Amino acid sequence: MTYKTIVYPFDRNFLPILRSKQYPLDIEIVGLVAPEGWGFDGLDVGTIDFGAALDIEVTSNFQQQLASCNTVLFVEMDHSTETLPDIKDSINLAIDAKKNIFCTYPLSQTDKEEISAKCKANSLEFRNYRNEQDSGATGEFSYRSKKIFELDVPVLMCFGLMEQVDKFQTQLSFLNFFREKGYKTELVSSRNLGRFIGANSM
């Protein structure tokens with residue numbers, strides 16, 4: 001089955017995935033929806049961060065885009081959630097329209113259980129791509145072990161001095177480069193979106 005997927009709420013956080021085309025083989029991105037007021041409506045997605053055009057237009061009409069898909073991917077974003085309509089309302093709207101729900105957006109355990117149950121009752125699929133086993137309510141990483149392991153493989157690390165310096169884009173570029181050269185590679189991503197493309201995330 002091919003999951004014809006729209007992405008909501010879309011912002012530049014998802015751009016590295018689009019540029020690298022690193023999403024799962026069973027997923028086809030058919031639409032990008034940014035909430036009204038974010039200024040992306042009608043823009044080519046590639047120009048949002050002043051990059052090259054990708055010939056994919058962003059829209060702000062969530063309900064209209066639901067007609068073009070069978071799946072909605074709700075993603076974590078850089079924008080403040082204060083400007084975002086209630087994400088749970090949008091998820092329920094998508095379920096009522098018989099759409100599968102995939103999610104990297106942070107949800108409470110109660111919300112996840114409710115969404116999962118509602119999807120199951122409607123014969124829909126719910127996938128949660130977030131890695132929250134190591135994160136508390138603050139989102140801070142806690143170490144389960146202080147043991148240092150010896151590695152017998154080369155490791156390339158990508159660090160940034162601050163947020164919004166395209167670490168994730170750089171990680172995906174390295175991943176593509178080494179795979180094209182024939183190397184067997186594994187990515188431990190700095191973002192939960194890494195799990196969406198089959199990588200591990202911190």
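Mentor: Begin with a definition: two strands pair if DSSP finds at least two bridges between them. Keep in mind that this is a predicted model.

Trainee: In which sense do S1 and S2 pair?
Mentor: S1 covers residues 3-8, and S2 covers residues 27-33. Five bridges join S1 and S2. Within this pairing, Tyr 3 stands opposite Ile 27 in S2. The sense of the pairing is parallel.

Trainee: What is the handedness of the β-α-β unit that S1, H1 and S2 make?
Mentor: The helix in this unit is H1, residues 15-20. The strands in the unit are S1 and S2, which pair in the parallel sense. The unit is right-handed.

Trainee: Is Thr 5 buried or exposed?
Mentor: Thr 5 lies in S1 and touches residues including Ile 29, Val 30, Cys 69 and Val 72. Its relative accessible area is 0%, and the cut-off for buried is under 20%. Therefore Thr 5 is buried.

Trainee: From which backbone oxygen does a polar atom of the side chain of Thr 5 lie 2.8 Å?
Mentor: Thr 5 is a residue of S1. A polar atom of its side chain lies 2.8 Å from the backbone oxygen of Tyr 3. The residue asked for is Tyr 3.

Trainee: Which residue in S3 does Val 33 stand opposite?
Mentor: S2 is mostly covered, with five of its seven residues buried. Two bridges join S2 to S3, residues 58-59, and these strands run parallel. Opposite Val 33 stands Thr 59.

Terms used:
Residues numbered from 1 in each chain as written. Predicted model: local features only at pLDDT ≥ 70, side-chain atom pairs only at ≥ 80, totals over all residues. Heavy atoms only, no water. Helix = DSSP H or I, 4+ residues; strand = E, 2+ residues; numbered from the N terminus. Buried < 20%, exposed > 50% of the residue type's maximum accessible area, 1.4 Å probe, protein only. Polar contact = N/O pair within 3.5 Å; in protein donor to acceptor, adjacent residues only side chain to side chain. Contact = heavy atoms within 4.5 Å. Right-handed = clockwise from strand over helix to strand, strands pointing away. Lists of a residue's contacts leave out its neighbours within four places in sequence.
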